[in-house]
Amino acid sequence: MKRLSKIGGAVLHRLPPEIAHETALKALRYGLIWPQDQADLPILKQKCLGLQFPNPIGLAAGFDKNGAAVSSLLSQGFGSIEIGTVTPLPQTGNPKPRLFRLSEDKAIINRLGFNNLGVSEIARNLAHARPYAGIVGANIGPNRDSDDPLNDYRKCFTLLAPLVDYLVVNISSPNTPGLRAWQDKDSLNRLISTLLDRRAGLSNARGGSIPLLIKIAPDLSDRSRRHIASTALALKLDGLLISNTTVSRPKYLRSKHKSETGGLSGKPVFRTSTAILADMYRRVNGEVPLIGIGGVGSGEDAYTKLRAGASLIQFYTALVFDGPSIVPNIKSDLAAFLSADGFDNVSSAVGLDSSKY
Ligand SMILES: Cc1cc2nc3c(=O)[nH]c(=O)nc-3n(C[C@H](O)[C@H](O)[C@H](O)COP(=O)(O)O)c2cc1C
């Protein structure tokens with residue numbers, strides 16, 4: 001079976017990236033990719049955001065934008081998956097080509113621009129996928145041409161809250177003009193307060209209060225990070241996702257696509273996103289759960305993110321390069337790193353290295 005999935009991976013890499021992605025999603029959806037049958041080790045189980053995570057390794061937003069393959073993705077061993085970004089109305093996104101593999105750099109540049117089926121269709125997909133065999137979050141954003149982005153967030157929040165376990169407000173994608181301005185102090189306050197008000201009358205898929213998190217960029221100034229940390233503490237935000245893709249381009253990139261416009265993800269983002277994670281852990285005094293994202297491709301990377309301050313981990317780009325067998329590998333290596341350092345659970349390691357960055 002491993003051999004088959006290697007052959008499948010090699011075929012996918014010969015296809016243009018977006019077609020390869022659609023093919024992989026279809027293969028997952030129609031059960032052509034074998035589920036992982038390894039049970040999660042007790043050392044990896046953890047309560048976070050008021051939810052019981054079978055393991056801390058999650059699939060980041062953007063892979064299953066429409067919630068089309070939730071069950072099959074969870075069966076690959078992820079403890080959680082985040083669907084979206086979902087917008088109120090369907091939208092096609094930016095003109096193609098808009099997705100580039102930077103194979104030599106183990107990275108991707110994308111400028112997809114929130115292509116998705118819209119919240120109503122996606123809500124139907126989620127309703128079919130329930131009950132979930134793991135944790136499912138939804139990542140929400142406004143339509144590109146919206147006159148009232150705040151209302152777009154509100155609409156997606158209201159419709160998706162009862163269908164998922166947690167909600168993420170995306171204010172950090174570089175591919176929707178104006179979106180990242182929501183990270184500014186006053187706008188952020190207004191956005192979060194509006195959604196927290198809305199939350200009062202809603203419960204999530206498990207009947208509890210719906211955790212509300214925000215996903216931030218790795219390109220934020222010191223001042224913005226200070227404001228975000230103080231807002232998170234003042235408004236009692238449930239968590240921060242750190243980070244989205246970067247608009248910066250490290251000088252050492254080698255691939256021919258390195259100068260394409262869009263967000264860079266994968267290995268080159270690891271260092272910066274981990275440093276920002278540690279910085280935010282210190283700023284919120286470890287009081288707000290953090291989800292570490294950016295360049296994770298091994299159990300060691302996941303462990304580094306935990307020690308920098310993440311309670312949970314997500315990744316995307318390494319799945320494209322290494323295929324689904326990476327999920328059990330990351331989990332077993334992470335468990336080994338924890339045990340070797342004498343821990344019998346994930347949370348004991350969280351933030352231990354946060355002062356080293
Ligand atoms: C093709 C692609 C599409 C993405 N789409 C979204 C998205 O819709 N919403 C979002 O919040 N993040 C999106 N992301 C960002 C990822 O969720 C993640 O934050 C980022 O890629 C860093 O993680 P990685 O290095 O493991 O890929 C996307 C990333 C990629 C590569």
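The request comes next, followed by one connected reply.

Q: Please look closely at Asp 301: where does it sit, is it buried or exposed, and which residues is it in contact with?

A: This is a predicted model, in which local features need pLDDT of at least 70, side-chain atom pairs count only at pLDDT 80 or more, and totals for chains, interfaces and linings use all residues. Residues are numbered from 1 along each chain as its sequence is written, and side-chain values use heavy atoms, without hydrogens or water.

Asp 301 belongs to helix α9, residues 299–308 (a DSSP run of H or I, at least four residues, numbered from the N terminus). Asp 301 is buried (under 20% relative accessible area, 1.4 Å probe, protein chains only). A polar atom of the Asp 301 side chain lies 2.8 Å from the backbone nitrogen of Gly 297. Beyond neighbours within four places in sequence, Asp 301 is in contact with Phe 270, Gly 295 and Val 296 (heavy atoms within 4.5 Å).

Elsewhere, the structure holds 14 salt bridges. One of them pairs Glu 18 with Arg 98 at 2.7 Å, N to O. Glu 18 lies in helix α2 (residues 17–29) and Arg 98 in the loop between β4 (80–86) and β5 (99–102), so this pair ties together parts 80 residues apart in sequence. Glu 18 is buried at 13% relative accessible area, and Arg 98 is buried at 5%.

Note on methods. Helix = DSSP H or I, 4+ residues; strand = E, 2+ residues; numbered from the N terminus. Buried < 20%, exposed > 50% of the residue type's maximum accessible area, 1.4 Å probe, protein only. Lys, Arg positive; Asp, Glu negative; His and termini not counted. Salt bridge = Lys/Arg side-chain N within 4 Å of Asp/Glu carboxyl O. Polar contact = N/O pair within 3.5 Å; in protein donor to acceptor, adjacent residues only side chain to side chain.
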